[in-house]
Each structure stands twice: as structure tokens, then as C-alpha cells.
Amino acid sequence: MRIFRLLLSALALVAITACETPEDEKKQYPELTTLNDTVWYSYDAKQDIYYDIYYNGEGKGQMLGYDTSERNEEQKLVDRTFTYDYTRATADTDAIVNVTFTDGQRYGGILVPKGNLQISNKDVYVIQLYELTADGEDIAYDENGNIKSTLMMWRE
């Protein structure tokens with residue numbers, strides 16, 4: 001009887017795994033043609049700061065820091081303004097984002113299209129930036145050969 005139950009269990013398992021399930025179609029999301037008038041979010045785990053990053057029109061933006069994810073009040077004295085430029089993706093290249101803060105710190109990187117990454121189980125657009133050298137041509141490294149700093153931000 002035990003062998004019979006094991007055989008039935010094995011058959012049931014084979015029957016269940018043999019059933020074809022429709023594959024999830026990859027959702028299509030619109031391409032971002034501009035960053036103007038968009039709000040992005042970021043989190044700095046080292047300093048425990050939550051950021052709202054505003055890409056205002058005319059290539060200007062602002063980065064505000066908060067102590068909590070609720071962002072009820074601006075708690076930290078983190079208010080950085082910056083200029084930016086955005087180059088849309090082509091068939092051969094990724095979308096490029098460059099940011100220069102008023103203190104001279106420069107970042108450059110790419111925009112990852114929505115549908116490629118998730119945050120809190122939601123598909124998001126992601127901007128991954130790396131600190132650049134003063135001339136803006138290369139990624140800046142520290143004395144140990146590590147990338148000096150990065151910024152990652154996302155939006156739905």
C-alpha cells in the first residue's frame with residue numbers, strides 16, 4: 001500500500017509539473033524622453049538619509065534629505081542644487097544622465113528603463129550615477145581603487 005501511495009504521489013507531481021503555464025509577457029513601459037518636472041527617490045544607508053530629487057525644467061534640480069521615509073518634515077540640513085543634462089537612449093546606447101552639484105561634485109551614469117529592476121515589488125526607472133573626476137571624463141576612484149561614490153535613484 002505504501003508503494004502504491006508513493007507511486008500516486010509521483011504521478012500527481014509529474015502531472016502538475018507537466019502542465020504548461022502561460023509565460024508572463026514582459027510589460028512595456030514608455031521611454032522617458034525627458035527628466036524635466038520629475039521627482040526621484042534615493043536612500044543613503046550609511047548616513048540613514050532619505051532623498052527626494054527634483055529634476056526641474058531648464059536643466060536645474062534640487063536634492064532634499066529627510067530623516068524618515070515618510071518625508072513629513074525636512075529634518076537634515078541636506079539641500080543641494082545641481083544642473084543636469086539627459087541624453088535619450090538610441091538603438092546603440094543607453095540613456096545618459098550627467099549631474100553637477102553647485103559645490104563642483106560631478107556624477108555621470110545611465111538611466112535603466114522601467115521593467116528591468118524592481119523596488120518593493122514595483123517596476124521602476126532607475127538612474128545609476130558614479131562620481132566623476134574634475135574634468136568629467138572618468139569615474140573617480142579612492143586611494144584603494146574603489147569607486148569614490150555613487151548615487152542611485154528611482155521612480156515609478
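Student: Which residues do ring pairs link into a cluster?

Tutor: In this predicted model, ring pairs link Trp40, Tyr55, Phe82, Tyr84, Phe101 and Tyr107 into a cluster.

Student: How many aromatic pairs does a search of the whole structure find, and what describes such a pair?

Tutor: In general, a pair of aromatic rings is described by two things, namely the distance of the centres and the angle of the planes. Here the search of the whole structure finds seven aromatic pairs. One of them is formed by Tyr55 and Phe82, which are 5.4 Å apart, centre to centre, with 70° between the planes, an edge-to-face pair. This pair links distant parts of the chain, as Tyr55 belongs to strand 2 (residues 49-55) and Phe82 to strand 4 (residues 79-87), 27 residues apart.

Student: Are Tyr55 and Phe82 buried or exposed?

Tutor: Both Tyr55 and Phe82 are buried.

Student: Why is the pair of Tyr55 and Tyr84 edge-to-face?

Tutor: Planes over 60 degrees apart count as edge-to-face, and the planes of Tyr55 and Tyr84 stand at 85°, with the ring centres 4.8 Å apart, so this pair is edge-to-face. Because Tyr55 lies in strand 2 and Tyr84 in strand 4, the pair ties together parts that are 29 residues apart in sequence.

Student: Why does Tyr84 count as buried?

Tutor: Buried means under 20% relative accessible area, so Tyr84, at 9% relative accessibility, counts as buried, and Tyr55 is buried with a relative accessible area of 0%.

Student: Which residues lie over the faces of Phe101 and Trp40?

Tutor: Arg80 lies over the face of Phe101, 3.7 Å from the ring centre, while Arg155 lies over the face of Trp40, at 5.9 Å from the ring centre.

Conventions:
Residues are numbered from 1 along each chain as its sequence is written. This is a predicted model: local features need pLDDT of at least 70, side-chain atom pairs count only at pLDDT 80 or more; totals for chains, interfaces and linings use all residues. Side-chain values use heavy atoms; hydrogens and water are left out. Rings of Phe, Tyr and Trp (its six-membered ring) pair if their centres lie within 6.5 Å; planes under 30 degrees apart count as stacked, over 60 as edge-to-face and the rest as tilted. Helices (H or I, at least four residues) and strands (E, at least two) are DSSP runs, numbered from the N terminus. Buried means under 20% relative accessible area, exposed over 50%, partly exposed in between (1.4 Å probe, protein chains only). A charge sits over a ring if NZ of Lys or CZ of Arg is within 6 Å of the ring centre and within 35 degrees of the ring normal.
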